Amino acid sequence: MLRGNFPAKIDAQGRIKIPAAHRKLLEDTFGSDFYVTSTTGRNVLLYPLHEWEKVEAKLLEPPKMLPAKEKFRRATSYYGQAARMDKQGRIVIQQHLREAAKVDGEEVAVMGALNHLEVWNRERFEALLKSDPYSDADATALAELDI
């Protein structure tokens with residue numbers, strides 16, 4: 001499982017170096033192929049290609065024309081691009097996604113999200129945490145799921 005927050009920086013070529021804490025697990029479990037995307041443009045999602053293919057398989061299940069599926073597919077296709085992690089552990093994030101997520105040349109937070117990584121502009125994520133904090137209602141909802 002991918003977990004935790006590790007700081008990183010996007011280099012001048014638009015590459016992010018995967019933190020060592022995540023890199024070995026990713027290489028050993030999934031290999032070097034990724035799908036780099038976003039659903040909103042506010043952050044970057046780095047899916048091992050194997051995990052992204054599971055998402056695609058679910059999208060193919062009926063009902064195929066569900067509006068939420070179509071919106072998800074459009075957004076992830078618009079922002080998405082296949083990428084390969086190089087021998088130094090770097091993955092290219094395409095320019096229009098870097099600009100939308102405000103990560104170009106910025107300090108970022110690379111956070112484990114169980115089966116993929118999220119990359120956030122650190123300031124943007126901290127603002128999100130402040131504007132939408134974990135609440136008692138969240139705790140209740142998770143308790144109902146036995147979490």
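Which backbone oxygen does the side chain of threonine 37 reach? I began my notes with this question, and I found that the side chain comes to 2.7 Å from the backbone oxygen of threonine 76, a polar contact in the sense of a pair of N or O atoms within 3.5 Å, where within protein one must be able to donate a hydrogen and the other to accept it, and residues adjacent in sequence count only if both atoms are side-chain atoms.

Before going on, I noted that this is a predicted model, in which local features need pLDDT of at least 70 and side-chain atom pairs count only at pLDDT 80 or more, while totals for chains, interfaces and linings use all residues. Residues are numbered from 1 along each chain as its sequence is written, and side-chain values use heavy atoms, with hydrogens and water left out.

I placed threonine 37 in strand β3; helices (H or I, at least four residues) and strands (E, at least two) are DSSP runs, numbered from the N terminus. Threonine 37 counts as buried because its relative accessible area is 0%, where buried means under 20%, exposed over 50% and partly exposed in between, with a 1.4 Å probe and protein chains only. Among the residues that threonine 37 touches are Trp52, Ala75, Thr76, Tyr79 and Leu97, not counting residues up to four places away in sequence; contact here means heavy atoms within 4.5 Å.

I then looked at helix α3 (residues 67-79), which has 13 residues and reaches 18 Å from its first C-alpha to its last, close to the 18 Å expected at 1.5 Å a residue, the expected span being 1.5 Å times one less than the number of residues. Its buried residues are Lys69, Glu70, Ala75, Thr76 and Tyr79, and they pack against β3, α2 (49-60), β5 (81-84) and α4.

**Entry: the sheet**

I followed an open sheet of 6 strands in the order β1-β7-β8-β4-β3-β5, with antiparallel pairing; two strands pair if DSSP finds at least two bridges between them. Since β1 (5-9) and β5 stand at the edges, each with a single partner strand, one side of each is left without a neighbour in the sheet. Neighbouring strands are turned by 30 degrees against each other on average, direction ignored, with axes taken as lines fitted to C-alpha atoms, for helices over the stretch in contact, and angles running from 0 to 180 degrees between N-to-C directions. Helix α2 packs on this sheet, touching β3 and β4, and its direction makes about 100 degrees with that of β4.

Which residue of β8 is the bridge partner of valine 44? I found valine 119 there, and valine 119 is also the bridge partner of valine 110. Strands β4 and β8 pair in the antiparallel sense over 3 bridges, while 5 bridges join the antiparallel strands β7 and β8. Of the 5 residues in β8, 4 are buried. In the hairpin of β7 and β8, with 4 residues between the strands, I noted a positive phi near 70 degrees at leucine 114.

**Entry: the cores**

I read that the largest nonpolar core has 22 residues, and that Ile16, Val44, Leu46 and Ile91 have the most contacts inside it; such a core is a set of buried Ala, Val, Leu, Ile, Met, Phe, Trp, Tyr and Cys residues joined through side-chain atoms within 4.5 Å. The elements giving two or more residues to this core are β3 (33-37), β4 (44-48), α4 (95-101), β7 (107-112) and β8 (117-121). A second, separate core of 5 residues includes Tyr35, Leu45, Tyr47 and Trp52. Valine 44 touches, among others, Val36, Ile93, Leu97 and Val119, not counting residues up to four places away in sequence.

In the loop between α2 and α3 I found proline 63, which a cis peptide bond joins to proline 62, with omega about -5 degrees. Lysine 102 lies in the loop between α4 and β7, where its phi is near 55 degrees, a positive value in a residue other than glycine.

Is aspartate 146 buried or exposed? Aspartate 146, in the segment after α6 (136-144), counts as exposed because its relative accessibility is 73%. Its phi is positive, about 65 degrees, and its C-alpha atom is separated by 38 Å from that of glutamate 106, 40 residues apart along the chain.
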